[in-house]
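Happy to talk through this one with you. Let's take the labels one at a time and ask what stands behind each.

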Amino acid sequence: MNGSSLSGRHYAIVGATSGVGGSAAWRLIKEGASLLLLGRDAEKLAGIAREFPEEKVGLAPLDLEGTALEENMKDSFERYLRESGAEGFDGGVYCAGQAPLIALRVTSQSLIESLLRVNFTGAAL
């Protein structure tokens, strides 16, 4: 890693507060990238962001289980691009996901819908 191979490039990390998301953020920052970090816990996002140069990181709390997922995700991306002056994203990392251990006989429709929003819809957007 030379610290500048991704200089001037912009990446979005969904699920940035997870171990995998945080590791991806570190790797991309070390390579010189600028990041939009998305996650459901605003305090954890702020904690991660303090570890990086302020000008290299944008934050966007995002609840993938929420009903306005597409609108909220779009707004977060557009706000980052506007504030950073970037023309677009060069890539993204999707680290969000849920895998509860639960018996099928007690699985509800709402749980299935929530799992689909987080594990499929969020990534597909």
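What follows is a set of questions and answers on a predicted model.

Q: Why is the pair Tyr80 and Phe89 called stacked?
A: The ring centres of Tyr80 and Phe89 are 5.4 Å apart and the planes are at 20°. Rings pair if their centres lie within 6.5 Å, and planes under 30 degrees apart count as stacked. Both conditions hold, so this pair is stacked.

Q: How many aromatic pairs does a search of the whole structure find, and which residues do ring pairs link into a cluster?
A: The search finds three aromatic pairs. Phe77, Tyr80 and Phe89 are linked into a cluster by ring pairs.

Q: Is Tyr80 buried or exposed, and how do you know?
A: Tyr80 has 7% relative accessibility. Buried means under 20%, so Tyr80 counts as buried.

Q: What makes Phe89 count the way it does at 28% relative accessibility?
A: The partly exposed class runs between the buried limit of 20% and the exposed limit of 50%. Phe89, at 28%, therefore counts as partly exposed.

Q: How do you know that Glu65 forms a salt bridge with Arg40?
A: The closest N and O atoms of Glu65 and Arg40 are 3.8 Å apart. The cut-off is within 4 Å, so the contact qualifies as a salt bridge. By this rule the count comes to two salt bridges.

Q: Which parts does the pair of Glu65 and Arg40 tie together?
A: Glu65 lies in the loop between strand E3 (57-61) and helix H3 (69-84), while Arg40 lies in the loop between strand E2 (34-39) and helix H2 (42-49). The pair therefore ties together parts that are 25 residues apart in sequence.

Q: Why is Arg40 called exposed?
A: Arg40 has a relative accessible area of 60%. Exposed means over 50%, so Arg40 is exposed. Glu65, at 29%, counts as partly exposed.

Q: What separates Lys74 and Glu78 in helix H3?
A: Lys74 and Glu78 are four residues apart in helix H3, so about one helical turn separates them. Their side chains meet in a salt bridge at 3.8 Å, N to O. Glu78 is partly exposed, with a relative accessible area of 37%.

Note on methods:
Residues are numbered from 1 along each chain as its sequence is written. This is a predicted model: local features need pLDDT of at least 70, side-chain atom pairs count only at pLDDT 80 or more; totals for chains, interfaces and linings use all residues. Side-chain values use heavy atoms; hydrogens and water are left out. Rings of Phe, Tyr and Trp (its six-membered ring) pair if their centres lie within 6.5 Å; planes under 30 degrees apart count as stacked, over 60 as edge-to-face and the rest as tilted. Buried means under 20% relative accessible area, exposed over 50%, partly exposed in between (1.4 Å probe, protein chains only). Helices (H or I, at least four residues) and strands (E, at least two) are DSSP runs, numbered from the N terminus.
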